[in-house]
Amino acid sequence: MSRLQAELMMKTNIVRRKSLAQNSIPPIISSTTERKELYTKGKPLWFNIDGEASDCYVIGVAGGSASGKTSVSRQIIEGINIPYVVLLSMDNFFKGVVTEEDKGDAAIGDYNFDCPDAIDWELFLETINRLKQGKATKVPHYSFVEHRRIESKCETVYGLASVVLIDGIFTLHNTEVLQLLDMKVFVNTDSDVRLARRLMRDLTERGRQLPDVLHQYDKFVKPGYDKYIGPTILNADVVIPRGRENKVAINLIIQHIKRQLEARHIKTSYDELISMTSAHKPSNLFVLPENNQIKAIQTLLRNLETTRDDFIFYAERLMRLSFEYALNFLPHREVEITLEPRDSQDKIQYHGKRFSGQGLCGISILRAGETMEKALMKVTKDIRIGKLLIQNDEFGSPCLHYCRIPQSSRKNFVILMDPTISTGHAAMMAIRVLLDHDFQEENIILVSLLMANCGAQAISYAFPKVSIITATLDPEYDAESGRIIPGFGNFGDRYFGT
Ligand SMILES: Nc1ncnc2c1ncn2[C@@H]1O[C@H](COP(=O)(O)OP(=O)(O)O)[C@@H](O)[C@H]1O
Ligand SMILES: Nc1ccn([C@@H]2O[C@H](COP(=O)(O)O)[C@@H](O)[C@H]2O)c(=O)n1
């Protein structure tokens, strides 16, 4: 049996199982496991040993339609096996058939998608550039059934990826894109094999009819390959004959990428971060000055015998005290006001102060951060509140599942709240998300009731301009139990009574 026949047989099985619902291109994935479906994904400890952001490594994978570009890209992602890899499919950047004018009198099968003009290059370049800079990036979603982008399905990627893989038929065509690529790959698959795969895929996944697929292939796909895509093989650094079956070539690429990442000192391990911070003296970490009141509240909170009612009452008191302390970190300017006492002719000048920042909002890191919202609203009038839900994945890396930010601009100030901070992972990711939303690092104030020293150190090292405020700084964190020692017990459980 030929390879082609074997592929067709494998596909026949898939035909029975797949439905038209799976018509669109694979979504971007940003982790080594592509099964997870998250609102967005996170980012690594994104800096090198000098504390500076490292560039992400960008790989372009080109080749004819159905040559195996996506399959090869996924194998590369699996092989490099690090979190925070983004697979960006150029298929999402087809302009599509939007207006009647686009269609003309011709049927959809007479629209030429296989020439570079069918791609929205401006948006494509902007997207790659934003990903490279680690900015929050909205990636469009294209439907091959409806021949247009589906706004409601676009996905937002946050943070600086370690590696970005871009796959698409014209990836090695445009000079501006070529300049952004660190590695250029061309998947070179026999044209008969490509046609057979495309037939199966378009019938099963893209809602097409056999005569239309053959007509489109003959009229546009083949000539487009010969004219625009095939010649870009000359721009490639590496050519992979036979696509994903070519394990030797794929392994060589994986080894090369790993070496490049090592050379760029991309750090993804928390242990490495902690070892780097051991000599670090945090100048942006502020612990509430201890007095009798604060010590007494801490004593009550630490005591596991304290009732839930009391725990909530005293935790909220400590929150208000912490926020009052934190508000001092906002910029204030001198103002002069004139007082006119009722019983006197003399006016009195008073030298006062007024908040001089432009806008302030509060953002809680869910779930526990939500407990601090009420206290913040008690001390800051009419403040707008946003939320971030960050949870660790199976590798212990924080992932962003939900993000609502009420206002964000370079000038706004933000109070980020989480009652307890142990490793600092979630807080660091939250800060990263705020930076991606254009908040300035120096305008972020992180407020917590209890921090483990290692977490506070790590955040301070990564973000030296953020003001980090905690009511309590405890010396130890036990990674096995996930407890801060001595700590408050499980804050969420004690507060929510769970
Ligand atoms: N070596 C292979 N053997 C069998 N099927 C393959 C092979 N490579 C790719 N395919 C299948 O062919 C289709 C197109 O592959 P894909 O990787 O999506 O190509 P491209 O991204 O170049 O369009 C998919 O259905 C994929 O599962
Ligand atoms: N509405 C559209 C848009 C594009 N195509 C075809 O997709 C091919 C590229 O995608 P691959 O995943 O195969 O690389 C390209 O050859 C276009 O003909 C389409 O059929 N309909």
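Colleague: Where does Arg367 sit?

Modeller: Keep in mind that this is a predicted model. Arg367 is in the loop that runs between β13 (360-366) and α12 (373-379). A cis peptide bond links Leu366 to Arg367, with omega about 5°.

Colleague: And what kind of peptide bond goes from Ile485 to Pro486, cis or trans?

Modeller: That one is cis, with omega near 5°. Pro486 belongs to the loop between β21 (483-485) and α15 (491-496).

Colleague: Now to ligand 2. Which residues are around ligand 2?

Modeller: Ser65, Ala66, Asp91, Phe94, Phe113, Asp114, Phe144, His147, Ile169 and Val221. That shell splits into 6 nonpolar, 2 polar and 2 charged residues.

Colleague: Why is Ala66 called buried?

Modeller: The cut-off for buried is 20 or more other C-beta atoms within 10 Å. Ala66 has 22 C-beta neighbours inside 10 Å, so Ala66 counts as buried. Its loop lies between β1 (57-63) and α2 (69-80), and its phi is near 65°, a positive value in a residue other than glycine.

Colleague: What makes His147 partly exposed?

Modeller: Buried takes 20 or more, exposed takes 12 or fewer, and partly exposed is in between. His147 has 18 C-beta neighbours inside 10 Å, and therefore counts as partly exposed. You'll find His147 in the loop between β4 (142-143) and β5 (148-149). His147 isn't a glycine, yet its phi is positive, about 55°.

Note on methods
Residues numbered from 1 in each chain as written. Chains lettered and ligands numbered in written order. Predicted model: local features only at pLDDT ≥ 70, side-chain atom pairs only at ≥ 80, totals over all residues. Near = placed C-beta within 6 Å. Nonpolar A, V, L, I, M, F, W, Y, C, P; charged D, E, K, R; others polar. Helix = DSSP H or I, 4+ residues; strand = E, 2+ residues; numbered from the N terminus.
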